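Please read them with the model open.

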Amino acid sequence: MSSIGTGYDLSVTTFSPDGRVFQIEYAAKAVDNSGTVIGIKCKDGVVMGVEKLITSKMMLPRSNRRIHSIHRHSGMAVAGLAADGRQIVARAKGEASSYESTYGEGIPVKELAGRVANYVHLCTLYWWLRPFGCGVILGGYDRDGPQLYMIEPSGISYRYFGAAIGKGKQAAKTEIEKLQLSEMTCREGVIEVAKIIYKVHDEAKDKAFELEMSWVCEESKRLHEKVPDELLEEAKAAARLALEEMDAD
Amino acid sequence: MDSLNLDEPHSMGTTIIGVTYDGGVVLGADSRTSTGVYVANRASDKITQLTDNVYVCRSGSAADSQIVSDYVRYFLHQHTIQLGQPATVKVAANLVRLLSYNNKNMLQTGLIVGGWDKYEGGKIYGIPLGGTILEQPFAIGGSGSSYLYGFFDQAWKEGMTKEEAESLMVKAVSLAIARDGASGGVVRTVTINADGVTRNFYPGDTLPLWHEEIPAQNSLLDILSAPSPEPMSM
(Lines give C-alpha, C1' and ligand atoms only; values in the text may rest on other atoms or scores of the structure.)
Protein backbone atom coordinates (compact mmCIF):
# COMPACT_ATOMS: atom_id res chain seq x y z
CA MET A 1 0.00 0.00 0.00
CA SER A 2 1.74 3.22 -0.99
CA SER A 3 0.86 6.41 0.74
CA ILE A 4 2.56 9.76 0.62
CA GLY A 5 4.53 10.76 3.70
CA THR A 6 4.53 14.48 2.90
CA GLY A 7 7.06 15.88 5.28
CA TYR A 8 7.21 12.97 7.72
CA ASP A 9 9.24 10.85 5.40
CA LEU A 10 12.40 12.87 5.09
CA SER A 11 14.33 11.22 7.90
CA VAL A 12 14.43 7.83 9.51
CA THR A 13 14.33 9.55 12.90
CA THR A 14 10.88 11.03 12.26
CA PHE A 15 7.59 9.35 13.15
CA SER A 16 4.47 10.21 11.22
CA PRO A 17 1.33 11.22 13.17
CA ASP A 18 -0.09 7.73 12.66
CA GLY A 19 2.98 6.13 14.16
CA ARG A 20 4.86 5.01 11.06
CA VAL A 21 8.48 5.52 10.09
CA PHE A 22 8.22 6.08 6.36
CA GLN A 23 11.89 5.71 5.57
CA ILE A 24 11.82 2.13 6.78
CA GLU A 25 8.76 1.42 4.67
CA TYR A 26 10.51 2.91 1.64
CA ALA A 27 13.51 0.68 2.34
CA ALA A 28 11.15 -2.29 2.24
CA LYS A 29 10.01 -1.15 -1.21
CA ALA A 30 13.58 -1.57 -2.44
CA VAL A 31 13.32 -5.20 -1.40
CA ASP A 32 9.95 -5.60 -3.08
CA ASN A 33 11.43 -4.52 -6.39
CA SER A 34 14.14 -7.14 -6.43
CA GLY A 35 14.06 -10.70 -7.74
CA THR A 36 12.17 -13.25 -5.65
CA VAL A 37 14.02 -15.04 -2.87
CA ILE A 38 12.50 -18.11 -1.19
CA GLY A 39 13.44 -20.25 1.77
CA ILE A 40 11.75 -23.40 3.09
CA LYS A 41 12.41 -25.60 6.09
CA CYS A 42 11.98 -29.27 5.23
CA LYS A 43 12.09 -32.10 7.71
CA ASP A 44 15.81 -32.70 7.32
CA GLY A 45 17.14 -29.25 6.46
CA VAL A 46 16.66 -25.86 4.79
CA VAL A 47 16.54 -24.99 1.07
CA MET A 48 16.93 -21.47 -0.30
CA GLY A 49 16.44 -20.25 -3.85
CA VAL A 50 16.95 -16.94 -5.66
CA GLU A 51 15.48 -15.60 -8.91
CA LYS A 52 18.57 -13.77 -10.13
CA LEU A 53 17.40 -11.29 -12.76
CA ILE A 54 19.94 -10.96 -15.55
CA THR A 55 20.31 -7.33 -16.50
CA SER A 56 22.86 -7.82 -19.25
CA LYS A 57 23.69 -10.58 -21.73
CA MET A 58 27.35 -9.93 -20.94
CA MET A 59 27.00 -11.19 -17.37
CA LEU A 60 28.91 -14.39 -16.66
CA PRO A 61 26.62 -17.24 -15.53
CA ARG A 62 27.13 -18.28 -11.90
CA SER A 63 28.61 -14.88 -11.09
CA ASN A 64 27.06 -12.23 -8.82
CA ARG A 65 26.13 -14.73 -6.16
CA ARG A 66 23.10 -13.85 -4.11
CA ILE A 67 23.43 -16.69 -1.60
CA HIS A 68 26.39 -16.60 0.76
CA SER A 69 27.72 -19.00 3.37
CA ILE A 70 28.01 -17.30 6.73
CA HIS A 71 29.54 -20.24 8.52
CA ARG A 72 29.95 -23.94 7.97
CA HIS A 73 26.39 -24.61 8.95
CA SER A 74 24.49 -21.49 7.87
CA GLY A 75 23.83 -19.38 4.80
CA MET A 76 22.07 -16.21 3.77
CA ALA A 77 20.09 -15.33 0.64
CA VAL A 78 19.82 -11.59 -0.03
CA ALA A 79 17.10 -9.57 -1.79
CA GLY A 80 17.20 -5.84 -2.50
CA LEU A 81 20.22 -3.59 -2.91
CA ALA A 82 23.12 -5.95 -3.53
CA ALA A 83 25.77 -3.69 -2.02
CA ASP A 84 23.78 -3.34 1.20
CA GLY A 85 23.44 -7.10 1.25
CA ARG A 86 27.22 -7.51 1.07
CA GLN A 87 27.58 -5.46 4.25
CA ILE A 88 25.06 -7.57 6.12
CA VAL A 89 26.76 -10.77 5.01
CA ALA A 90 30.15 -9.42 6.09
CA ARG A 91 28.77 -8.48 9.49
CA ALA A 92 27.11 -11.87 9.92
CA LYS A 93 30.38 -13.64 9.08
CA GLY A 94 32.17 -11.49 11.64
CA GLU A 95 29.60 -12.28 14.33
CA ALA A 96 29.76 -16.00 13.62
CA SER A 97 33.53 -15.98 13.69
CA SER A 98 33.86 -14.01 16.92
CA TYR A 99 31.23 -16.17 18.64
CA GLU A 100 33.21 -19.28 17.82
CA SER A 101 36.47 -17.70 19.02
CA THR A 102 34.91 -16.80 22.35
CA TYR A 103 32.66 -19.74 23.06
CA GLY A 104 34.43 -22.55 21.25
CA GLU A 105 31.43 -23.79 19.32
CA GLY A 106 29.50 -22.77 16.20
CA ILE A 107 27.03 -19.92 16.63
CA PRO A 108 23.44 -21.16 17.10
CA VAL A 109 21.22 -20.03 14.20
CA LYS A 110 18.86 -18.25 16.57
CA GLU A 111 21.72 -16.23 18.02
CA LEU A 112 23.05 -15.34 14.57
CA ALA A 113 19.62 -14.19 13.42
CA GLY A 114 19.32 -12.06 16.54
CA ARG A 115 22.66 -10.41 15.96
CA VAL A 116 21.95 -9.68 12.28
CA ALA A 117 18.55 -8.27 13.20
CA ASN A 118 20.16 -6.07 15.86
CA TYR A 119 22.62 -4.72 13.32
CA VAL A 120 19.96 -4.03 10.70
CA HIS A 121 17.82 -2.33 13.34
CA LEU A 122 20.76 -0.24 14.51
CA CYS A 123 20.87 1.41 11.12
CA THR A 124 17.29 2.65 11.54
CA LEU A 125 18.04 4.66 14.68
CA TYR A 126 20.29 7.46 13.47
CA TRP A 127 19.61 10.30 11.11
CA TRP A 128 23.11 10.09 9.66
CA LEU A 129 22.68 6.46 8.66
CA ARG A 130 20.18 5.12 6.18
CA PRO A 131 18.34 1.82 6.64
CA PHE A 132 19.56 -1.23 4.76
CA GLY A 133 17.69 -1.60 1.50
CA CYS A 134 17.70 -5.36 1.63
CA GLY A 135 15.91 -8.27 3.23
CA VAL A 136 17.68 -11.44 4.17
CA ILE A 137 16.62 -15.08 4.48
CA LEU A 138 18.91 -16.96 6.85
CA GLY A 139 18.94 -20.74 6.86
CA GLY A 140 21.04 -22.91 9.11
CA TYR A 141 21.38 -26.28 10.83
CA ASP A 142 22.61 -26.38 14.42
CA ARG A 143 22.23 -28.65 17.43
CA ASP A 144 18.56 -27.82 17.69
CA GLY A 145 17.90 -28.86 14.11
CA PRO A 146 17.30 -26.93 10.88
CA GLN A 147 15.98 -23.38 11.24
CA LEU A 148 14.89 -20.61 8.87
CA TYR A 149 14.79 -16.92 9.75
CA MET A 150 13.91 -13.82 7.79
CA ILE A 151 15.26 -10.37 8.62
CA GLU A 152 13.53 -7.31 7.16
CA PRO A 153 14.97 -3.78 6.68
CA SER A 154 13.16 -2.69 9.83
CA GLY A 155 15.23 -5.12 11.87
CA ILE A 156 12.33 -7.47 12.54
CA SER A 157 13.37 -11.10 12.56
CA TYR A 158 11.04 -14.07 12.76
CA ARG A 159 11.48 -17.79 12.46
CA TYR A 160 9.59 -19.41 9.59
CA PHE A 161 8.64 -22.71 7.99
CA GLY A 162 8.62 -20.94 4.64
CA ALA A 163 9.46 -17.38 3.65
CA ALA A 164 9.55 -15.30 0.49
CA ILE A 165 10.69 -11.78 -0.33
CA GLY A 166 10.97 -9.76 -3.53
CA LYS A 167 8.76 -9.21 -6.53
CA GLY A 168 6.85 -12.47 -6.52
CA LYS A 169 6.57 -12.89 -2.77
CA GLN A 170 2.79 -12.96 -2.58
CA ALA A 171 2.44 -15.62 -5.26
CA ALA A 172 5.42 -17.52 -3.82
CA LYS A 173 3.95 -17.53 -0.30
CA THR A 174 0.70 -18.95 -1.67
CA GLU A 175 2.61 -21.75 -3.37
CA ILE A 176 4.72 -22.48 -0.29
CA GLU A 177 1.63 -22.78 1.86
CA LYS A 178 0.39 -25.57 -0.42
CA LEU A 179 3.47 -27.68 0.35
CA GLN A 180 3.62 -30.35 3.04
CA LEU A 181 6.93 -29.19 4.43
CA SER A 182 7.03 -31.40 7.50
CA GLU A 183 7.01 -34.51 5.30
CA MET A 184 9.33 -33.25 2.61
CA THR A 185 13.04 -34.02 2.35
CA CYS A 186 15.43 -31.36 1.09
CA ARG A 187 15.97 -33.28 -2.12
CA GLU A 188 12.25 -32.95 -2.86
CA GLY A 189 12.30 -29.39 -1.52
CA VAL A 190 14.89 -28.32 -4.07
CA ILE A 191 12.55 -29.39 -6.90
CA GLU A 192 9.62 -27.55 -5.30
CA VAL A 193 11.57 -24.32 -4.79
CA ALA A 194 12.69 -24.37 -8.42
CA LYS A 195 9.12 -24.88 -9.58
CA ILE A 196 7.89 -21.97 -7.47
CA ILE A 197 10.54 -19.58 -8.67
CA TYR A 198 9.93 -20.46 -12.30
CA LYS A 199 6.20 -20.06 -11.71
CA VAL A 200 6.32 -16.62 -10.10
CA HIS A 201 8.82 -15.26 -12.59
CA ASP A 202 7.12 -12.61 -14.68
CA GLU A 203 8.03 -13.31 -18.32
CA ALA A 204 6.54 -10.07 -19.55
CA LYS A 205 8.28 -7.63 -17.22
CA ASP A 206 11.66 -9.31 -16.71
CA LYS A 207 13.27 -11.26 -19.48
CA ALA A 208 16.02 -13.58 -18.42
CA PHE A 209 16.81 -14.93 -15.01
CA GLU A 210 19.20 -17.43 -13.47
CA LEU A 211 18.16 -19.79 -10.69
CA GLU A 212 20.56 -19.98 -7.76
CA MET A 213 19.93 -22.48 -4.97
CA SER A 214 21.57 -23.66 -1.79
CA TRP A 215 20.78 -26.13 0.96
CA VAL A 216 21.92 -27.24 4.39
CA CYS A 217 20.60 -30.67 5.32
CA GLU A 218 21.45 -34.22 6.31
CA GLU A 219 22.50 -34.98 2.75
CA SER A 220 24.98 -32.11 2.74
CA LYS A 221 26.27 -33.37 6.11
CA ARG A 222 24.74 -30.32 7.79
CA LEU A 223 27.05 -28.00 5.83
CA HIS A 224 25.69 -25.04 3.88
CA GLU A 225 26.57 -25.46 0.20
CA LYS A 226 25.34 -24.90 -3.33
CA VAL A 227 22.85 -27.49 -4.47
CA PRO A 228 24.86 -30.07 -6.48
CA ASP A 229 24.82 -29.41 -10.22
CA GLU A 230 22.98 -32.52 -11.33
CA LEU A 231 20.21 -31.94 -8.78
CA LEU A 232 20.01 -28.30 -9.83
CA GLU A 233 19.60 -29.30 -13.50
CA GLU A 234 17.00 -31.88 -12.52
CA ALA A 235 15.12 -29.18 -10.59
CA LYS A 236 15.26 -26.73 -13.48
CA ALA A 237 14.01 -29.36 -15.91
CA ALA A 238 11.13 -30.28 -13.60
CA ALA A 239 10.26 -26.60 -13.19
CA ARG A 240 10.21 -25.96 -16.94
CA LEU A 241 8.08 -29.04 -17.45
CA ALA A 242 5.59 -27.90 -14.81
CA LEU A 243 5.36 -24.49 -16.51
CA GLU A 244 4.69 -26.07 -19.90
CA GLU A 245 1.97 -28.28 -18.42
CA MET A 246 0.37 -25.19 -16.91
CA ASP A 247 0.55 -23.29 -20.17
CA ALA A 248 -0.89 -26.24 -22.05
CA ASP A 249 -4.15 -26.03 -20.05
CA MET B 1 60.75 -20.50 62.64
CA ASP B 2 61.95 -19.15 59.34
CA SER B 3 59.94 -21.75 57.43
CA LEU B 4 56.68 -20.35 58.74
CA ASN B 5 56.30 -17.31 56.52
CA LEU B 6 52.68 -16.25 56.69
CA ASP B 7 53.14 -13.75 53.86
CA GLU B 8 53.68 -16.50 51.31
CA PRO B 9 50.92 -16.60 48.71
CA HIS B 10 48.11 -19.04 49.46
CA SER B 11 48.62 -22.01 47.28
CA MET B 12 46.54 -25.09 46.98
CA GLY B 13 49.06 -27.92 46.89
CA THR B 14 46.12 -30.04 45.99
CA THR B 15 44.92 -33.15 44.40
CA ILE B 16 42.07 -32.61 41.93
CA ILE B 17 40.40 -35.21 39.76
CA GLY B 18 37.56 -35.29 37.22
CA VAL B 19 36.13 -38.56 35.91
CA THR B 20 33.37 -39.32 33.39
CA TYR B 21 31.06 -42.26 33.92
CA ASP B 22 28.12 -43.66 32.06
CA GLY B 23 25.60 -40.81 32.45
CA GLY B 24 27.62 -37.97 33.95
CA VAL B 25 30.79 -36.88 35.70
CA VAL B 26 32.30 -37.02 39.19
CA LEU B 27 34.67 -34.27 40.36
CA GLY B 28 36.83 -34.76 43.44
CA ALA B 29 39.43 -32.87 45.45
CA ASP B 30 41.28 -32.76 48.76
CA SER B 31 40.79 -29.82 51.11
CA ARG B 32 44.21 -28.44 52.05
CA THR B 33 45.16 -24.80 51.37
CA SER B 34 48.74 -24.08 52.39
CA THR B 35 50.75 -20.90 52.97
CA GLY B 36 54.26 -22.31 52.76
CA VAL B 37 54.21 -25.14 55.33
CA TYR B 38 51.31 -23.67 57.32
CA VAL B 39 47.93 -25.11 56.49
CA ALA B 40 45.83 -21.99 56.09
CA ASN B 41 42.59 -23.91 55.55
CA ARG B 42 42.28 -27.64 56.25
CA ALA B 43 38.70 -27.94 55.03
CA SER B 44 38.57 -25.83 51.89
CA ASP B 45 36.15 -26.44 49.04
CA LYS B 46 38.11 -26.59 45.84
CA ILE B 47 35.18 -27.58 43.67
CA THR B 48 33.48 -24.39 42.60
CA GLN B 49 30.19 -23.88 40.80
CA LEU B 50 30.21 -22.09 37.43
CA THR B 51 26.60 -22.81 36.43
CA ASP B 52 23.85 -25.20 37.57
CA ASN B 53 25.36 -27.93 35.47
CA VAL B 54 29.09 -27.10 35.28
CA TYR B 55 31.65 -27.11 38.12
CA VAL B 56 35.40 -26.54 38.18
CA CYS B 57 38.18 -28.07 40.31
CA ARG B 58 40.80 -25.48 41.25
CA SER B 59 44.52 -26.00 41.86
CA GLY B 60 47.65 -23.84 42.05
CA SER B 61 47.35 -20.30 43.33
CA ALA B 62 44.14 -19.96 45.33
CA ALA B 63 43.72 -16.29 44.39
CA ASP B 64 44.28 -16.88 40.68
CA SER B 65 41.92 -19.83 40.46
CA GLN B 66 39.23 -17.94 42.38
CA ILE B 67 39.39 -14.88 40.16
CA VAL B 68 39.25 -16.99 36.99
CA SER B 69 36.22 -18.87 38.35
CA ASP B 70 34.51 -15.58 39.25
CA TYR B 71 35.01 -14.12 35.78
CA VAL B 72 33.85 -17.30 34.03
CA ARG B 73 30.77 -17.54 36.25
CA TYR B 74 29.90 -13.96 35.32
CA PHE B 75 30.38 -14.50 31.57
CA LEU B 76 28.49 -17.79 31.63
CA HIS B 77 25.60 -16.17 33.44
CA GLN B 78 25.26 -13.55 30.73
CA HIS B 79 25.68 -16.18 28.02
CA THR B 80 22.90 -18.31 29.55
CA ILE B 81 20.55 -15.33 29.59
CA GLN B 82 21.35 -14.51 25.96
CA LEU B 83 21.05 -18.09 24.78
CA GLY B 84 17.88 -18.83 26.75
CA GLN B 85 19.12 -22.27 27.83
CA PRO B 86 21.91 -23.71 30.02
CA ALA B 87 25.44 -23.28 28.73
CA THR B 88 27.28 -26.37 27.51
CA VAL B 89 30.34 -27.73 29.33
CA LYS B 90 32.40 -27.01 26.22
CA VAL B 91 31.56 -23.31 26.29
CA ALA B 92 32.40 -23.08 30.00
CA ALA B 93 35.72 -24.81 29.42
CA ASN B 94 36.51 -22.57 26.48
CA LEU B 95 35.93 -19.41 28.50
CA VAL B 96 38.23 -20.75 31.24
CA ARG B 97 40.96 -21.56 28.77
CA LEU B 98 40.76 -18.14 27.05
CA LEU B 99 41.42 -16.47 30.40
CA SER B 100 44.18 -18.95 31.29
CA TYR B 101 45.89 -18.64 27.94
CA ASN B 102 45.63 -14.90 27.44
CA ASN B 103 46.92 -14.20 30.95
CA LYS B 104 49.45 -16.98 31.14
CA ASN B 105 52.25 -14.66 32.27
CA MET B 106 50.33 -13.60 35.34
CA LEU B 107 48.36 -16.68 36.35
CA GLN B 108 49.45 -19.90 37.95
CA THR B 109 46.44 -22.17 38.08
CA GLY B 110 45.51 -25.59 36.78
CA LEU B 111 41.79 -26.25 36.38
CA ILE B 112 39.54 -29.19 35.62
CA VAL B 113 36.12 -28.23 34.22
CA GLY B 114 33.43 -30.87 34.42
CA GLY B 115 29.69 -31.00 33.95
CA TRP B 116 26.67 -32.34 32.11
CA ASP B 117 24.65 -30.87 29.25
CA LYS B 118 21.82 -32.29 27.16
CA TYR B 119 23.81 -32.37 23.91
CA GLU B 120 27.04 -34.12 24.90
CA GLY B 121 26.21 -35.65 28.28
CA GLY B 122 28.97 -35.76 30.89
CA LYS B 123 32.27 -34.17 29.84
CA ILE B 124 35.62 -33.39 31.49
CA TYR B 125 38.05 -30.75 30.19
CA GLY B 126 41.56 -30.42 31.60
CA ILE B 127 43.08 -26.92 31.46
CA PRO B 128 46.64 -27.00 32.82
CA LEU B 129 49.03 -24.10 33.45
CA GLY B 130 49.62 -22.62 29.99
CA GLY B 131 46.00 -22.56 28.92
CA THR B 132 45.80 -25.72 26.83
CA ILE B 133 42.34 -27.23 26.64
CA LEU B 134 42.01 -31.00 26.38
CA GLU B 135 38.82 -33.01 26.53
CA GLN B 136 39.51 -36.23 28.38
CA PRO B 137 37.55 -39.19 29.78
CA PHE B 138 39.29 -38.43 33.08
CA ALA B 139 41.71 -35.71 34.22
CA ILE B 140 44.00 -35.32 37.23
CA GLY B 141 45.77 -32.20 38.47
CA GLY B 142 47.58 -30.54 41.32
CA SER B 143 50.76 -31.55 43.12
CA GLY B 144 49.21 -34.78 44.40
CA SER B 145 48.35 -35.95 40.90
CA SER B 146 51.99 -36.95 40.26
CA TYR B 147 51.35 -39.98 42.44
CA LEU B 148 48.22 -40.99 40.58
CA TYR B 149 49.29 -41.41 36.95
CA GLY B 150 50.22 -45.04 37.35
CA PHE B 151 47.19 -45.69 39.53
CA PHE B 152 44.76 -44.40 36.91
CA ASP B 153 46.54 -46.22 34.11
CA GLN B 154 45.70 -49.40 35.94
CA ALA B 155 42.39 -48.62 37.63
CA TRP B 156 40.52 -46.52 35.03
CA LYS B 157 38.01 -48.19 32.76
CA GLU B 158 35.41 -46.95 30.27
CA GLY B 159 31.70 -47.01 31.14
CA MET B 160 31.80 -47.17 34.94
CA THR B 161 28.69 -46.73 37.05
CA LYS B 162 28.23 -43.72 39.28
CA GLU B 163 29.13 -45.73 42.38
CA GLU B 164 32.28 -47.16 40.79
CA ALA B 165 33.38 -43.72 39.64
CA GLU B 166 32.83 -42.19 43.05
CA SER B 167 34.71 -44.90 44.93
CA LEU B 168 37.57 -44.74 42.40
CA MET B 169 37.68 -41.01 43.07
CA VAL B 170 37.81 -41.31 46.87
CA LYS B 171 40.47 -44.02 46.68
CA ALA B 172 42.60 -41.92 44.34
CA VAL B 173 42.42 -38.72 46.40
CA SER B 174 43.22 -40.57 49.61
CA LEU B 175 46.25 -42.24 47.97
CA ALA B 176 47.51 -38.83 46.89
CA ILE B 177 46.90 -37.37 50.34
CA ALA B 178 48.98 -40.20 51.82
CA ARG B 179 52.02 -39.30 49.74
CA ASP B 180 51.72 -35.57 48.97
CA GLY B 181 52.46 -33.21 51.86
CA ALA B 182 50.61 -30.41 50.14
CA SER B 183 47.37 -32.41 49.97
CA GLY B 184 45.30 -33.38 52.96
CA GLY B 185 42.19 -32.94 55.02
CA VAL B 186 38.92 -34.34 53.71
CA VAL B 187 37.79 -35.59 50.33
CA ARG B 188 34.98 -33.69 48.65
CA THR B 189 33.17 -34.98 45.58
CA VAL B 190 30.57 -33.46 43.28
CA THR B 191 28.53 -35.70 40.99
CA ILE B 192 26.77 -34.08 38.01
CA ASN B 193 24.29 -35.81 35.71
CA ALA B 194 20.90 -35.37 34.05
CA ASP B 195 19.16 -35.46 37.45
CA GLY B 196 21.26 -32.64 38.89
CA VAL B 197 24.16 -32.17 41.26
CA THR B 198 25.10 -34.13 44.42
CA ARG B 199 27.81 -33.11 46.86
CA ASN B 200 29.54 -35.65 49.08
CA PHE B 201 31.99 -35.35 51.93
CA TYR B 202 34.41 -37.97 53.25
CA PRO B 203 36.12 -36.97 56.51
CA GLY B 204 39.75 -37.99 57.03
CA ASP B 205 38.93 -40.79 59.44
CA THR B 206 36.62 -42.54 56.94
CA LEU B 207 39.37 -42.82 54.34
CA PRO B 208 41.20 -46.13 53.91
CA LEU B 209 44.69 -46.45 55.38
CA TRP B 210 47.47 -47.18 52.95
CA HIS B 211 50.96 -48.67 53.24
CA GLU B 212 52.73 -47.60 56.41
CA GLU B 213 49.97 -45.20 57.39
CA ILE B 214 49.06 -45.35 61.06
CA PRO B 215 45.55 -44.80 62.35
CA ALA B 216 44.93 -41.31 63.72
CA GLN B 217 45.78 -41.16 67.41
CA ASN B 218 46.04 -38.26 69.83
CA SER B 219 44.73 -36.16 67.02
CA LEU B 220 44.07 -32.47 67.42
CA LEU B 221 40.36 -33.27 67.60
CA ASP B 222 40.86 -35.37 70.75
CA ILE B 223 42.73 -32.54 72.40
CA LEU B 224 39.93 -30.16 71.58
CA SER B 225 37.29 -32.44 73.08
CA ALA B 226 39.33 -32.99 76.24
CA PRO B 227 38.03 -31.19 79.37
CA SER B 228 39.69 -27.86 80.16
CA PRO B 229 42.43 -28.12 82.80
CA GLU B 230 41.45 -27.27 86.37
CA PRO B 231 42.91 -24.00 87.67
CA MET B 232 45.92 -24.59 89.90
CA SER B 233 45.47 -23.83 93.52
CA MET B 234 48.24 -21.88 95.16
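1. The face of α6(A) turned away from its buried side carries A:E230, A:E244, A:E245 and A:A248, which are exposed (buried means under 20% relative accessible area, exposed over 50%, partly exposed in between, with a 1.4 Å probe and protein chains only).

2. This is a predicted model, in which local features need pLDDT of at least 70 and side-chain atom pairs count only at pLDDT 80 or more, while totals for chains, interfaces and linings use all residues. Residues are numbered from 1 along each chain as its sequence is written, chains are lettered from A and ligands numbered from 1 in the order in which they are written, and side-chain values use heavy atoms, with hydrogens and water left out.

3. Which residues of α6(A) are buried? They are A:L231, A:L232, A:A235, A:K236 and A:A239. Because they cover an arc of only 140° around the axis, they sit on the same side of α6(A) (the arc is that of the directions from the helix axis to the C-beta atoms). These buried residues pack against α5 (186-200) and β9 of chain A; contact means heavy atoms within 4.5 Å.

4. The count is one cavity of 30 Å³ or more. A cavity is a set of points on a 1 Å grid over the protein atoms alone where a 1.4 Å probe fits but cannot get out; a pocket is an open set with protein on both sides within 12 Å along at least five of seven lines, and lining residues have an atom within 4 Å of a point. The largest cavity holds about 130 Å³ of space, a volume being the space filled by probe spheres set on grid points joined across faces, edges and corners.

5. β9 (209-217) and α6 (229-248) of chain A each supply at least two residues of that cavity's lining, and β9(A) gives the most, with four residues. Among the lining residues are A:L232 and A:K236.

6. The second largest pocket has a volume of about 620 Å³. Of its 29 lining residues, the closest to its centre are A:E105, A:G106, A:P108, A:D142 and A:R143. Chain B takes part too: its α1 (62-83) and α2 (89-102) each supply at least two lining residues.

7. B:H79 lies in helix α1 of chain B and counts as buried because its relative accessibility is 3%. Not counting residues up to four places away in sequence, B:H79 touches A:Y99, A:Y103, B:A87 and B:V91.
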